[in-house]
Amino acid sequence: MQKNYDAGDAQPFARLNEGEGAPLYEVVKRHISESILQGELPAGTILPSENSLAANFGVSVGTVRKALAALTTEGMLMRRRKTGTVVTGWAPLHNLSHFFQYFRLHDKAGGLLRSETQLLDYQRSGASETEAEKLQIGVGDEVIRLKRLRRVKGIAAMHETLVLPAARLPDFPSAEQLPPLLYRFLFERYDLRVAAVREQITATLADQQDAAWLEVALPHAVMVIDEVSFDQSAIPVILAHHRFSTEHFMYVNEVR
């Protein structure tokens, strides 16, 4: 069923902030795709005209047209001659541009889930030998360590540790100012796009820390993902260690 976008229902199309950092068409594309994934623009929604979108975002019509063309190529939108631009309801799960909030967590029926992130700890220290090797930096070089908890519908789903090279992130914000969507922030502030991820996935029994963070009783199985994320220049930018419970969720990594 198709329905026209109603500005009174949601506000996904807002004027962009100055100094977003990334090419404007990619920022517009990002905002629209996230609105689709978050359910603000359900399948069948007819988007406003290119002129209206350009006015809402505060960009040129050409910028909007380029963003819509990219989303159409990815399958998230379709162009219909008499109707206009329509949301398909299909999301390319293998596309890392949708990595921000979802981390490929799905419910048991296969539905994509949105997670909420809580920052638990924030530290700056020197890189260990292993971290330096994986991030291609010097031993002892400053890194930013983030400890986070992800919840889905109030249920603790995953806790994770992220290590980032400080030299590549000048003026990185404090814990109080750090936005929850880290990958989007790196893209818009530093023009760092996560273009590839190398994962190692194992299963193990939960330890005491897992039980505390994931709010489960022992014994309990957890899935462990160790990964290195690479930017568009194939340079490692994030070293991550994720541990999550599969009691309510499953992890889907689609390769095409």
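The model is predicted. Six strands form an open sheet, paired in the antiparallel sense, and helix α5 packs on that sheet. Helix α3 has buried residues that pack against α1, α2, β3 and β4.

**The six-stranded sheet**

- The order of the strands in the open sheet is β6-β7-β8-β11-β10-β9, and their pairing is antiparallel.
- The edges are taken by β6 and β9 (196–205); each has a single partner strand, so one side of each has no neighbour in the sheet.
- From one strand to the next, the twist averages 15°.
- Helix α5 (residues 182–190) packs on the sheet and touches β7, β8, β10 and β11. The direction of α5 makes about 35° with that of β8.
- In general, the strands of a sheet pair through backbone hydrogen bonds, and the pairing is either parallel or antiparallel.

- A residue counts as buried when its relative accessible area is under 20%.
- Strand β6 (residues 116–126) pairs with β7 in the antiparallel sense, over 10 bridges. Within this pairing, L119 has R148 of β7 as its bridge partner.
- Strand β8 (residues 155–165) also pairs with β7 in the antiparallel sense, over 10 bridges. Here K147 stands opposite T161 of β8.
- The hairpin of β7 and β8 has two residues between the strands. In this hairpin, K153 takes a positive phi near 55°.

**Strands β10 and β11**

- Strand β10 (residues 221–230) and strand β11 (residues 236–245) are joined by nine bridges in the antiparallel sense.
- F230 stands opposite P236, which belongs to β11.

**Helix α3**

- Helix α3 covers residues 61–74 and has 14 residues. At 1.5 Å a residue the helix should span 20 Å, and this agrees with its end C-alpha atoms, which are 20 Å apart.
- The buried residues in α3 are T63, V64, A67, L68, A70, L71 and E74.
- Viewed down the axis of α3, these buried residues fall within an arc of 160°, so they line one face of the helix.
- An α-helix has 3.6 residues a turn, so residues three or four places apart point the same way.
- The elements packed against by the buried residues of α3 are α1 (24–37), α2 (50–57), β3 (77–80) and β4 (84–87).
- G75 follows α3 and has a positive phi, near 95°.

**Backbone features in the loops**

- Most residues other than glycine have a negative phi, and most peptide bonds are trans.
- Q136, a residue other than glycine, has a positive phi near 60°. Its place is the loop between α4 (129–135) and β7. Q136 counts as exposed because its relative accessibility is 55%, where the cut-off for exposed is over 50%.
- K153 is another residue other than glycine with a positive phi, near 55°, and lies in the loop between β7 and β8. The relative accessible area of K153 is 75%, so K153 is exposed.
- L218 and P219 are joined by a cis peptide bond, with omega about -5°. P219 is in the loop between α6 (208–214) and β10.

Conventions. Residues numbered from 1 in each chain as written. Predicted model: local features only at pLDDT ≥ 70, side-chain atom pairs only at ≥ 80, totals over all residues. Heavy atoms only, no water. Pairing = 2+ DSSP bridges. Helix = DSSP H or I, 4+ residues; strand = E, 2+ residues; numbered from the N terminus. Expected span 1.5 Å × (residues − 1). Buried < 20%, exposed > 50% of the residue type's maximum accessible area, 1.4 Å probe, protein only. Arc of directions from axis to C-beta. Contact = heavy atoms within 4.5 Å. Axes fitted to C-alpha atoms, helices over the stretch in contact; angles between N-to-C directions.
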